[in-house]
Amino acid sequence: MTVPIHISARNLSVHYPLGRRLFGPSPVVKAIDNITLDIPRGSFFGLVGESGSGKTTFGRALLKAAPISSGRVRYVDDEVEYDIARLGKAELKDYRKRAQLIFQDPYAALSPRMTVRDIIAEPLEVMGLTSSREETDARVREIAAKCRLNLEHLRRFPHAFSGGQRQRISIARALVCQPHFLVADESVAALDVSIQADILNLLKSLQQEMNITFLFISHDLSVVAHTCDHVAVMYLGRLVESAPTRELFAAPRHPYTQALLSAIPSLDPDDRGQAQRLEGEIPSPSDPPPGCRFQTRCPHAIEKCRIDEPPLQREGGEHDIACHRWRELAQSIAVA
Ligand code: ADP
Ligand code: MG
(Lines give C-alpha, C1' and ligand atoms only; values in the text may rest on other atoms or scores of the structure.)
(Ligands and ions follow the chains in the order given, each with its own letter.)
Protein backbone atom coordinates (compact mmCIF):
# COMPACT_ATOMS: atom_id res chain seq x y z
CA MET A 1 0.00 0.00 0.00
CA THR A 2 1.41 3.40 -0.90
CA VAL A 3 1.10 6.14 1.67
CA PRO A 4 -0.65 9.28 0.36
CA ILE A 5 1.49 12.38 -0.08
CA HIS A 6 0.69 15.17 2.36
CA ILE A 7 2.87 17.95 0.92
CA SER A 8 4.61 17.98 -2.41
CA ALA A 9 7.00 20.59 -3.75
CA ARG A 10 7.59 20.77 -7.50
CA ASN A 11 10.52 22.80 -8.87
CA LEU A 12 10.18 25.11 -5.91
CA SER A 13 12.40 28.21 -5.80
CA VAL A 14 12.71 31.12 -3.39
CA HIS A 15 15.00 33.84 -4.77
CA TYR A 16 15.57 37.06 -2.85
CA PRO A 17 16.54 40.17 -4.83
CA LEU A 18 19.82 41.82 -3.80
CA GLY A 19 19.23 45.40 -4.96
CA ARG A 20 19.32 46.46 -8.61
CA ARG A 21 22.01 46.87 -11.22
CA LEU A 22 21.83 49.37 -14.06
CA PHE A 23 23.27 46.95 -16.57
CA GLY A 24 22.88 43.20 -16.72
CA PRO A 25 20.56 41.03 -14.64
CA SER A 26 19.90 42.07 -11.01
CA PRO A 27 21.61 39.78 -8.51
CA VAL A 28 19.51 37.38 -6.44
CA VAL A 29 20.12 35.06 -3.48
CA LYS A 30 18.96 31.63 -4.53
CA ALA A 31 17.96 30.53 -1.02
CA ILE A 32 16.26 27.45 -2.52
CA ASP A 33 16.43 26.55 -6.17
CA ASN A 34 14.28 24.08 -8.06
CA ILE A 35 13.43 21.68 -5.21
CA THR A 36 11.16 18.72 -5.91
CA LEU A 37 10.21 16.66 -2.87
CA ASP A 38 7.25 14.62 -1.54
CA ILE A 39 6.46 14.36 2.15
CA PRO A 40 4.23 11.33 2.86
CA ARG A 41 1.34 11.65 5.28
CA GLY A 42 2.18 10.70 8.85
CA SER A 43 5.92 10.69 8.25
CA PHE A 44 8.63 12.13 10.46
CA PHE A 45 10.61 13.60 7.60
CA GLY A 46 14.12 14.92 8.22
CA LEU A 47 15.79 17.78 6.33
CA VAL A 48 19.52 18.26 6.91
CA GLY A 49 22.42 20.29 5.56
CA GLU A 50 24.94 22.83 6.78
CA SER A 51 23.84 26.27 7.89
CA GLY A 52 22.99 28.36 4.81
CA SER A 53 21.81 25.43 2.68
CA GLY A 54 18.21 26.69 2.56
CA LYS A 55 16.45 24.43 5.07
CA THR A 56 14.60 27.20 6.92
CA THR A 57 13.56 28.84 3.66
CA PHE A 58 12.19 25.54 2.35
CA GLY A 59 10.19 24.89 5.54
CA ARG A 60 8.81 28.43 5.47
CA ALA A 61 7.91 28.23 1.78
CA LEU A 62 5.78 25.13 2.52
CA LEU A 63 3.97 27.15 5.19
CA LYS A 64 3.57 30.12 2.83
CA ALA A 65 5.83 32.12 5.12
CA ALA A 66 8.56 32.67 2.50
CA PRO A 67 7.86 34.20 -0.93
CA ILE A 68 7.63 31.48 -3.60
CA SER A 69 9.43 32.73 -6.74
CA SER A 70 8.49 29.79 -8.95
CA GLY A 71 7.30 26.21 -8.76
CA ARG A 72 4.41 24.74 -6.79
CA VAL A 73 3.49 23.40 -3.37
CA ARG A 74 0.51 21.10 -3.12
CA TYR A 75 -1.06 20.30 0.26
CA VAL A 76 -3.58 17.47 0.62
CA ASP A 77 -5.32 16.11 3.72
CA ASP A 78 -8.65 14.32 4.24
CA GLU A 79 -10.63 17.55 3.92
CA VAL A 80 -8.82 19.96 1.63
CA GLU A 81 -6.44 20.25 -1.27
CA TYR A 82 -4.50 23.49 -1.65
CA ASP A 83 -2.15 25.03 -4.18
CA ILE A 84 -0.08 26.96 -1.63
CA ALA A 85 1.26 29.68 -3.95
CA ARG A 86 -2.29 30.54 -4.99
CA LEU A 87 -4.24 30.52 -1.73
CA GLY A 88 -7.10 32.98 -1.37
CA LYS A 89 -7.55 34.90 1.88
CA ALA A 90 -10.06 32.50 3.46
CA GLU A 91 -8.04 29.48 2.37
CA LEU A 92 -4.86 30.96 3.81
CA LYS A 93 -6.62 31.49 7.14
CA ASP A 94 -7.71 27.87 7.10
CA TYR A 95 -4.22 26.72 6.06
CA ARG A 96 -2.70 28.51 9.07
CA LYS A 97 -4.66 26.11 11.30
CA ARG A 98 -3.58 23.05 9.38
CA ALA A 99 0.12 23.81 9.04
CA GLN A 100 2.23 25.23 11.85
CA LEU A 101 5.82 26.08 12.75
CA ILE A 102 7.59 25.27 16.00
CA PHE A 103 9.95 28.16 16.47
CA GLN A 104 13.68 27.63 16.28
CA ASP A 105 14.55 29.61 19.37
CA PRO A 106 11.98 29.54 22.13
CA TYR A 107 13.84 32.31 24.00
CA ALA A 108 13.28 34.73 21.15
CA ALA A 109 9.91 33.35 20.10
CA LEU A 110 8.12 33.72 23.43
CA SER A 111 6.96 37.09 24.68
CA PRO A 112 8.35 37.72 28.20
CA ARG A 113 5.25 39.68 29.20
CA MET A 114 2.75 36.90 28.56
CA THR A 115 1.99 34.03 30.91
CA VAL A 116 2.48 30.51 29.64
CA ARG A 117 -1.31 30.14 29.44
CA ASP A 118 -1.63 33.26 27.25
CA ILE A 119 1.26 32.19 25.00
CA ILE A 120 -0.34 28.83 24.31
CA ALA A 121 -3.84 30.34 23.97
CA GLU A 122 -2.85 33.08 21.52
CA PRO A 123 -3.21 31.11 18.25
CA LEU A 124 -6.68 29.89 19.34
CA GLU A 125 -7.75 33.47 20.07
CA VAL A 126 -6.22 34.97 16.93
CA MET A 127 -7.95 32.38 14.77
CA GLY A 128 -11.19 32.60 16.75
CA LEU A 129 -11.35 28.85 17.31
CA THR A 130 -12.98 28.97 20.73
CA SER A 131 -16.11 30.75 21.89
CA SER A 132 -15.42 31.32 25.57
CA ARG A 133 -12.54 31.75 27.98
CA GLU A 134 -13.51 28.46 29.63
CA GLU A 135 -13.24 26.63 26.33
CA THR A 136 -9.85 28.24 25.61
CA ASP A 137 -8.63 27.27 29.07
CA ALA A 138 -9.76 23.70 28.57
CA ARG A 139 -7.94 23.46 25.22
CA VAL A 140 -4.78 24.99 26.72
CA ARG A 141 -4.82 22.61 29.68
CA GLU A 142 -5.38 19.62 27.44
CA ILE A 143 -2.46 20.41 25.13
CA ALA A 144 -0.19 21.46 28.03
CA ALA A 145 -0.78 18.07 29.65
CA LYS A 146 -0.01 16.30 26.38
CA CYS A 147 3.26 18.23 26.18
CA ARG A 148 3.98 17.16 29.78
CA LEU A 149 3.94 20.68 31.15
CA ASN A 150 3.07 21.16 34.79
CA LEU A 151 -0.40 22.76 34.85
CA GLU A 152 0.61 24.82 37.88
CA HIS A 153 3.09 26.57 35.59
CA LEU A 154 0.46 27.98 33.23
CA ARG A 155 0.19 31.12 35.37
CA ARG A 156 3.92 31.83 35.28
CA PHE A 157 6.08 33.79 32.82
CA PRO A 158 8.42 31.98 30.40
CA HIS A 159 11.66 33.44 31.81
CA ALA A 160 11.17 31.25 34.87
CA PHE A 161 11.76 28.10 32.81
CA SER A 162 14.66 26.05 31.50
CA GLY A 163 15.38 25.64 27.78
CA GLY A 164 13.68 22.24 27.63
CA GLN A 165 10.52 23.54 29.32
CA ARG A 166 10.41 26.56 27.04
CA GLN A 167 10.63 24.25 24.06
CA ARG A 168 7.63 22.32 25.45
CA ILE A 169 5.75 25.64 25.66
CA SER A 170 6.60 26.36 21.99
CA ILE A 171 5.43 22.89 21.01
CA ALA A 172 2.15 23.27 22.94
CA ARG A 173 1.56 26.61 21.20
CA ALA A 174 2.18 25.07 17.78
CA LEU A 175 -0.15 22.15 18.54
CA VAL A 176 -3.05 23.92 20.22
CA CYS A 177 -4.92 24.39 16.91
CA GLN A 178 -4.50 20.67 16.18
CA PRO A 179 -2.47 21.05 12.98
CA HIS A 180 -2.02 18.22 10.49
CA PHE A 181 1.43 19.34 9.35
CA LEU A 182 4.23 20.72 11.53
CA VAL A 183 7.61 22.17 10.64
CA ALA A 184 10.08 21.83 13.52
CA ASP A 185 13.06 24.05 12.65
CA GLU A 186 16.16 23.26 14.75
CA SER A 187 13.83 22.55 17.64
CA VAL A 188 16.48 20.84 19.75
CA ALA A 189 19.65 22.61 18.54
CA ALA A 190 19.89 24.93 21.54
CA LEU A 191 19.35 22.18 24.14
CA ASP A 192 21.67 19.89 26.12
CA VAL A 193 21.98 16.40 24.67
CA SER A 194 19.96 14.71 27.45
CA ILE A 195 17.12 17.23 27.03
CA GLN A 196 17.27 16.86 23.24
CA ALA A 197 16.34 13.20 23.68
CA ASP A 198 13.35 14.14 25.89
CA ILE A 199 12.05 16.62 23.35
CA LEU A 200 12.57 14.21 20.43
CA ASN A 201 10.66 11.50 22.31
CA LEU A 202 7.90 13.97 23.08
CA LEU A 203 7.60 15.03 19.41
CA LYS A 204 7.57 11.43 18.29
CA SER A 205 4.82 10.40 20.70
CA LEU A 206 2.73 13.50 19.91
CA GLN A 207 3.10 12.76 16.23
CA GLN A 208 1.67 9.29 16.66
CA GLU A 209 -1.03 10.32 19.11
CA MET A 210 -2.23 13.29 17.06
CA ASN A 211 -1.49 11.82 13.63
CA ILE A 212 0.68 14.70 12.44
CA THR A 213 3.10 14.87 9.51
CA PHE A 214 6.42 16.35 10.60
CA LEU A 215 9.13 18.14 8.68
CA PHE A 216 12.03 18.01 11.11
CA ILE A 217 14.84 20.41 10.17
CA SER A 218 18.30 19.98 11.67
CA HIS A 219 21.91 20.79 10.77
CA ASP A 220 22.87 17.73 12.86
CA LEU A 221 22.62 14.33 11.15
CA SER A 222 22.99 12.44 14.43
CA VAL A 223 19.72 13.98 15.65
CA VAL A 224 17.71 12.80 12.64
CA ALA A 225 19.24 9.30 12.66
CA HIS A 226 17.07 8.01 15.50
CA THR A 227 13.97 10.08 14.89
CA CYS A 228 13.14 10.37 11.21
CA ASP A 229 11.68 7.79 8.79
CA HIS A 230 13.13 9.53 5.79
CA VAL A 231 15.92 12.08 5.37
CA ALA A 232 16.53 14.65 2.63
CA VAL A 233 19.91 16.37 2.34
CA MET A 234 20.26 19.94 1.05
CA TYR A 235 23.31 21.77 -0.19
CA LEU A 236 23.39 25.39 -1.35
CA GLY A 237 19.69 25.61 -2.14
CA ARG A 238 19.50 22.22 -3.83
CA LEU A 239 18.44 18.74 -2.85
CA VAL A 240 21.40 16.36 -3.26
CA GLU A 241 20.07 13.12 -1.77
CA SER A 242 16.87 11.78 -0.22
CA ALA A 243 16.26 8.27 1.15
CA PRO A 244 14.67 6.22 3.92
CA THR A 245 16.80 6.93 7.02
CA ARG A 246 18.19 3.43 7.39
CA GLU A 247 19.25 3.34 3.76
CA LEU A 248 20.80 6.80 3.86
CA PHE A 249 22.93 5.93 6.88
CA ALA A 250 23.87 2.45 5.65
CA ALA A 251 24.68 3.45 2.08
CA PRO A 252 25.02 7.21 1.60
CA ARG A 253 25.55 7.84 -2.12
CA HIS A 254 26.28 11.53 -2.49
CA PRO A 255 29.81 12.66 -1.52
CA TYR A 256 28.26 15.52 0.48
CA THR A 257 26.10 13.12 2.51
CA GLN A 258 29.16 10.89 3.01
CA ALA A 259 31.14 13.86 4.29
CA LEU A 260 28.36 14.90 6.68
CA LEU A 261 28.15 11.33 7.98
CA SER A 262 31.85 10.87 8.49
CA ALA A 263 31.86 14.06 10.56
CA ILE A 264 29.78 12.21 13.20
CA PRO A 265 32.31 10.19 15.23
CA SER A 266 29.82 7.88 16.96
CA LEU A 267 28.33 6.78 13.63
CA ASP A 268 31.67 5.99 12.08
CA PRO A 269 33.72 4.27 14.80
CA ASP A 270 36.42 2.70 12.63
CA ASP A 271 36.31 5.43 9.98
CA ARG A 272 36.27 2.58 7.42
CA GLY A 273 39.32 4.16 5.83
CA GLN A 274 37.08 6.44 3.74
CA ALA A 275 36.29 9.34 6.02
CA GLN A 276 36.12 12.57 4.07
CA ARG A 277 36.33 15.75 6.03
CA LEU A 278 34.30 18.63 4.72
CA GLU A 279 36.72 21.39 3.91
CA GLY A 280 36.16 24.99 3.02
CA GLU A 281 33.07 27.13 3.34
CA ILE A 282 29.71 26.76 1.64
CA PRO A 283 29.81 29.16 -1.38
CA SER A 284 27.47 32.16 -1.55
CA PRO A 285 23.94 31.37 -2.83
CA SER A 286 24.06 34.66 -4.77
CA ASP A 287 26.91 33.28 -6.86
CA PRO A 288 26.70 29.47 -6.85
CA PRO A 289 29.41 27.56 -8.77
CA PRO A 290 28.52 26.21 -12.24
CA GLY A 291 27.82 22.51 -12.73
CA CYS A 292 27.30 20.58 -9.51
CA ARG A 293 27.03 23.01 -6.61
CA PHE A 294 29.20 20.78 -4.46
CA GLN A 295 32.05 20.55 -6.99
CA THR A 296 34.22 23.20 -5.28
CA ARG A 297 34.45 21.01 -2.14
CA CYS A 298 34.00 17.53 -3.58
CA PRO A 299 37.08 15.24 -3.51
CA HIS A 300 35.69 13.30 -6.50
CA ALA A 301 34.82 16.18 -8.84
CA ILE A 302 35.84 15.79 -12.48
CA GLU A 303 35.47 18.06 -15.52
CA LYS A 304 31.85 17.01 -16.15
CA CYS A 305 30.90 18.03 -12.57
CA ARG A 306 32.22 21.54 -13.20
CA ILE A 307 30.07 21.97 -16.32
CA ASP A 308 26.84 19.97 -16.04
CA GLU A 309 24.51 20.15 -13.09
CA PRO A 310 23.53 16.56 -12.14
CA PRO A 311 19.73 16.08 -11.99
CA LEU A 312 18.10 14.43 -8.97
CA GLN A 313 17.44 10.85 -10.08
CA ARG A 314 15.62 7.97 -8.48
CA GLU A 315 17.82 4.94 -7.91
CA GLY A 316 15.83 1.99 -6.65
CA GLY A 317 12.73 2.27 -4.42
CA GLU A 318 12.82 5.64 -2.69
CA HIS A 319 16.43 6.74 -2.99
CA ASP A 320 17.06 9.98 -4.91
CA ILE A 321 20.58 11.16 -5.75
CA ALA A 322 22.01 14.12 -7.67
CA CYS A 323 25.58 13.09 -8.52
CA HIS A 324 27.21 12.19 -11.85
CA ARG A 325 29.63 9.75 -10.26
CA TRP A 326 27.84 7.96 -7.41
CA ARG A 327 27.51 4.62 -9.22
CA GLU A 328 31.14 4.54 -10.27
CA LEU A 329 32.29 5.62 -6.78
CA ALA A 330 30.11 2.97 -5.08
CA GLN A 331 31.70 0.33 -7.30
CA SER A 332 35.25 1.43 -6.53
CA ILE A 333 34.46 1.32 -2.79
CA ALA A 334 33.01 -2.19 -3.17
CA VAL A 335 36.16 -3.36 -4.98
CA ALA A 336 38.62 -1.73 -2.55
P1 ADP B 1 19.51 27.23 6.63
O2 ADP B 1 18.23 27.22 7.39
O3 ADP B 1 19.84 25.94 5.96
O4 ADP B 1 20.66 27.73 7.45
P5 ADP B 1 18.36 29.51 5.23
O6 ADP B 1 17.12 29.03 4.55
O7 ADP B 1 18.18 30.26 6.50
O8 ADP B 1 19.36 28.29 5.41
O9 ADP B 1 19.16 30.46 4.23
C10 ADP B 1 19.57 30.06 2.94
C11 ADP B 1 20.25 31.23 2.28
O12 ADP B 1 19.30 32.25 1.95
C13 ADP B 1 21.30 31.91 3.16
O14 ADP B 1 22.39 32.29 2.37
C15 ADP B 1 20.57 33.13 3.68
O16 ADP B 1 21.47 34.17 3.96
C17 ADP B 1 19.64 33.48 2.54
N18 ADP B 1 18.41 34.12 3.01
C19 ADP B 1 17.48 33.58 3.84
N20 ADP B 1 16.45 34.43 4.04
C21 ADP B 1 16.74 35.56 3.32
C22 ADP B 1 16.08 36.82 3.10
N23 ADP B 1 14.89 37.10 3.70
N24 ADP B 1 16.68 37.73 2.30
C25 ADP B 1 17.87 37.45 1.71
N26 ADP B 1 18.54 36.29 1.85
C27 ADP B 1 17.99 35.35 2.64
MG1 MG C 1 17.88 27.51 9.43
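## Helix packing and a ligand site

Visitor: How do the axes of α4 and α6 cross?
Guide: In this predicted model, the axes of helix α4 (residues 116-126) and helix α6 (residues 163-175) come within 7 Å and cross at roughly 30 degrees, where axes are lines fitted to C-alpha atoms, for helices over the stretch in contact, and angles run from 0 to 180 degrees between N-to-C directions. Helices here are DSSP runs (H or I, at least four residues), numbered from the N terminus. The two are therefore roughly parallel to each other, a label for angles under 35 degrees.

Visitor: Which residues make that contact?
Guide: Val 116, Ile 119, Ile 120, Glu 122 and Pro 123 of α4 make the contact with Ile 169, Ala 172 and Arg 173 of α6, contact meaning heavy atoms within 4.5 Å.

Visitor: And at what angle do α6 and α7 pack?
Guide: Helix α7 (residues 193-210) packs with α6 at an angle of about 20 degrees, with their axes 10 Å apart, and α6 and α7 are therefore roughly parallel to each other.

Visitor: Switching topic, what is an oxygen atom of ligand 1 2.7 Å from?
Guide: That oxygen atom is 2.7 Å from a polar backbone atom of Gly 52, while a polar side-chain atom of Thr 56 lies 2.8 Å from an oxygen atom of ligand 1.

Definitions and conventions:
Residues numbered from 1 in each chain as written. Chains lettered and ligands numbered in written order. Predicted model: local features only at pLDDT ≥ 70, side-chain atom pairs only at ≥ 80, totals over all residues. Heavy atoms only, no water. Parallel < 35°, antiparallel > 145°, perpendicular 65-115°, else oblique. Polar contact = N/O pair within 3.5 Å; in protein donor to acceptor, adjacent residues only side chain to side chain.
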